[in-house]
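Trainee: Could we go through this structure together? I would like to begin with the terms and then turn to particular residues.

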Amino acid sequence: MSEINFAKLAKSSAIGAGIGMLLSAAATFVMAAILSIGNIPAMIISPMAIFSLIFGGFCGGFSSAKISSQKGLLCGAVSGVIFFLVAWSLGGLFSIGDFGPAALIKAALIITAGAFGGIIGVN
């Protein structure tokens, strides 16, 4: 078994989380444009936002694993944790930002998507 290089893991996970955040923001912008153009019901907004977070988490984990080229599950999961913590912190700046059941579910979804992206990124 190879030892984990924590510096490489941290660097690749942080870069991957940043890439995931950018892609999540891009997906959110596209979805906002679709909502403003079309006659789409308001109840679809929350699932679209969650999809954007999952998409960003997956892309962040994938990017992190591609950069690291080893330990995809770990890189993707750490990238997902960083992504969630930054998104949750930024959400706290603009709203309440409490850590309730909804935040716990979003954290689980983002971290799982990041880990899955990491596995695919290495393989």
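Mentor: Let us begin with accessibility: buried means under 20% relative accessible area, exposed means over 50%, and partly exposed lies in between, with a 1.4 Å probe and protein chains only. This is a predicted model, in which local features need pLDDT of at least 70, side-chain atom pairs count only at pLDDT 80 or more, and totals for chains, interfaces and linings use all residues. Residues are numbered from 1 along each chain as its sequence is written, and side-chain values use heavy atoms, with hydrogens and water left out.

Trainee: Is F58 buried, exposed or partly exposed?

Mentor: F58 counts as partly exposed because its relative accessibility is 28%. F62 has a relative accessible area of 30% and is partly exposed.

Trainee: How far apart are F58 and F62 in helix 2?

Mentor: They are 4 residues apart in helix 2 (residues 45-68), so about one helical turn separates them. Helices here are DSSP runs of H or I with at least four residues, strands are runs of E with at least two, and both are numbered from the N terminus.

Trainee: How many aromatic pairs are there in the whole structure?

Mentor: A search of the whole structure gives 4 aromatic pairs. Rings of Phe, Tyr and Trp (its six-membered ring) pair if their centres lie within 6.5 Å; planes under 30 degrees apart count as stacked, over 60 as edge-to-face and the rest as tilted.

Trainee: Why is the pair of F58 and F62 stacked?

Mentor: The ring centres of F58 and F62 are 6.4 Å apart and the planes are at 20°, so this pair is stacked.

Trainee: And what about F58 and F116?

Mentor: Their ring centres are 6.0 Å apart with the planes at 45°, so that pair is tilted. It links distant parts of the chain, since F58 is in helix 2 and F116 is in helix 4, 58 residues apart. F116 counts as partly exposed because its relative accessibility is 47%. F58, F62 and F116 form one aromatic cluster.

Trainee: Changing topic, which residues make up the largest nonpolar core?

Mentor: It has 7 residues in all: A17, L53, F83, F84, A103, A107 and I110. A nonpolar core is a set of buried Ala, Val, Leu, Ile, Met, Phe, Trp, Tyr and Cys residues joined through side-chain atoms within 4.5 Å.

Trainee: What is F84 in contact with?

Mentor: Leaving aside neighbours within four places in sequence, F84 is in contact with F99, A103, K106, A107 and I110. Contact means heavy atoms within 4.5 Å.

Trainee: Where is G80, then?

Mentor: G80 is in helix 3 and counts as buried, at 0% relative accessibility.

Trainee: How much space lies in the largest pocket?

Mentor: About 720 Å³ lies in it. On a 1 Å grid over the protein atoms alone, a pocket is an open set of points with protein on both sides within 12 Å along at least five of seven lines, where a cavity is a set of points where a 1.4 Å probe fits but cannot get out; lining residues have an atom within 4 Å of a point. Grid points are joined across faces, edges and corners, and the volume is the space filled by probe spheres set on the points.

Trainee: Which residues are closest to the centre of the largest pocket?

Mentor: Of the 33 residues that line the largest pocket, L53, A87, W88, G91 and K106 are the closest to its centre. Helix 1 (6-37), helix 2, helix 3 and helix 4 each supply at least two residues of the lining.

Trainee: What is the loop between helix 2 and helix 3 like at S69?

Mentor: S69 lies in that loop, and its phi is near 60°, a positive value in a residue other than glycine. With a relative accessible area of 55%, S69 is exposed. K71 is in the loop between helix 2 and helix 3 and has a positive phi of about 50° although it is not a glycine.

Trainee: Is S68 buried or exposed?

Mentor: S68 counts as buried, at 2% relative accessibility. S68 is in helix 2 and touches K8, S12 and C75, not counting residues up to four places away in sequence.
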